[in-house]
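Q: Please take a close look at one part of this model. I would like its pairing partners and its charged contacts.

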Amino acid sequence: MPLGLGRRKKAPPLVENEEAEPGRGGLGVGEPGPLGGGGAGGPQMGLPPPPPALRPRLVFHTQLAHGSPTGRIEGFTNVKELYGKIAEAFRLPAAEVMFCTLNTHKVDMDKLLGGQIGLEDFIFAHVKGQRKEVEVFKSEDALGLTITDNGAGYAFIKRIKEGSVIDHMQLISVGDMIEAINGQSLLGCRHYEVARLLKELPRGRTFTLKLTEPRKAFDMISQRSGGGRPGSGPQLGTGRGTLRLRSRGPATVEDLPSAFEEKAIEKVDDLLESYMGIRDTELAATMVELGKDKRNPDELAEALDERLGDFAFPDEFVFDVWGAIGDAKVGRY
């Protein structure tokens, strides 16, 4: 193994080549450890953050994606709190909110809200719609699904590969939340856990998916949202800054990512899809943040194990992430 990576305990990929073609997604949100924090170098020296009373008052506008009056929300620091504020604004149970898109009411995975919101972004909340149960015959090892999650306990379909097993099933669409597989509830599971379960299903057998689709507006009823190749770069709206949501600690207002960071995040997100069958822009951003100042792959591996050990990233993946960050640094896009 290069540069001593063989000293680490080997862990197999959760999903091997679940998708043949790489692409970019909107961040599935959050990871087991805190987002950002002090980064790889620990807490940053300097002045303490201002008290809550002196922090900028950020107000965002929101609507329900299937149609509603415009609401105003503020005072949230993570995705769960955001969903709670949206539910409060529209007098809904918080559990009804599936995911949010930025600046479009459509189920557009390129505009999926991740861990960052542009200061001028308009938030559309997609809520639970029709429930359905589908039997799937697993004729191939790879189903053609890419999974993401909303950071609050719901995993859903991010992409469907053209020509795949799932692509031939018209009842299954991008945006569908995966509630259960063969009667096993997946509520509260992360995207990588759902991807692993799908990968482990035996080939040549039928299994049952219990799904919930987002409630559709009138102009979306006939759409399937097949999930072509996503656009490039994180979708952060037109604001000059972004609100960075964190799983621990207060949200912070930050500058837009640099060109290096955007390209590195895109490359790492592609690797997540290739190795694990998931897309998660915020997870990719955290990995770039952890790796951009590391001197070699071993240091990156140790940082990933400390912060993101639940993912059990294989050595080959870590080495490829190191290479992707290095390529982005020197402009090899």
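Which residue in E5 is the bridge partner of Leu64?

A: The bridge partner of Leu64 is Ala125, in E5. A word on the basis comes before the rest. This is a predicted model, in which local features need pLDDT of at least 70 and side-chain atom pairs count only at pLDDT 80 or more, while totals for chains, interfaces and linings use all residues. Residues are numbered from 1 along each chain as its sequence is written, and side-chain values use heavy atoms, with hydrogens and water left out.

Now the strand itself. E5 covers residues 123-137. Helices (H or I, at least four residues) and strands (E, at least two) are DSSP runs, numbered from the N terminus. Two strands pair if DSSP finds at least two bridges between them.

E5 pairs with strand E1 (residues 60-64) in the parallel sense, over 3 bridges. Strand E3 (residues 97-102) runs antiparallel to E5, and 5 bridges join them. There, Val97 stands opposite Val127 of E5. Strand E10 (residues 206-214) is also antiparallel to E5, with 8 bridges between the two. In that pairing, Glu133 faces Lys210 of E10.

In a regular strand the side chains alternate between the two faces of the sheet.

Next, the charges. A salt bridge here is a side-chain nitrogen of Lys or Arg within 4 Å of a carboxyl oxygen of Asp or Glu. The structure holds 15 of them. One joins Lys132 to Glu213, with the closest N and O atoms 2.9 Å apart. This pair links distant parts of the chain: Lys132 lies in strand E5 and Glu213 in strand E10, 81 residues apart. Side chains of opposite charge can pair when their charged atoms come close.

Are these two residues buried or exposed? Buried means under 20% relative accessible area, exposed over 50%, and partly exposed in between (1.4 Å probe, protein chains only). Lys132 has a relative accessible area of 14%, so it is buried. Glu213 is buried too, with a relative accessible area of 14%.

Glu299 pairs with Arg295, their closest N and O atoms being 2.5 Å apart. Glu299 is buried, at 19% relative accessible area. Arg295 is exposed, at 68%.

Back to the strand: E5 pairs with E1, with E3 and with E10, and the Lys132 salt bridge reaches Glu213.
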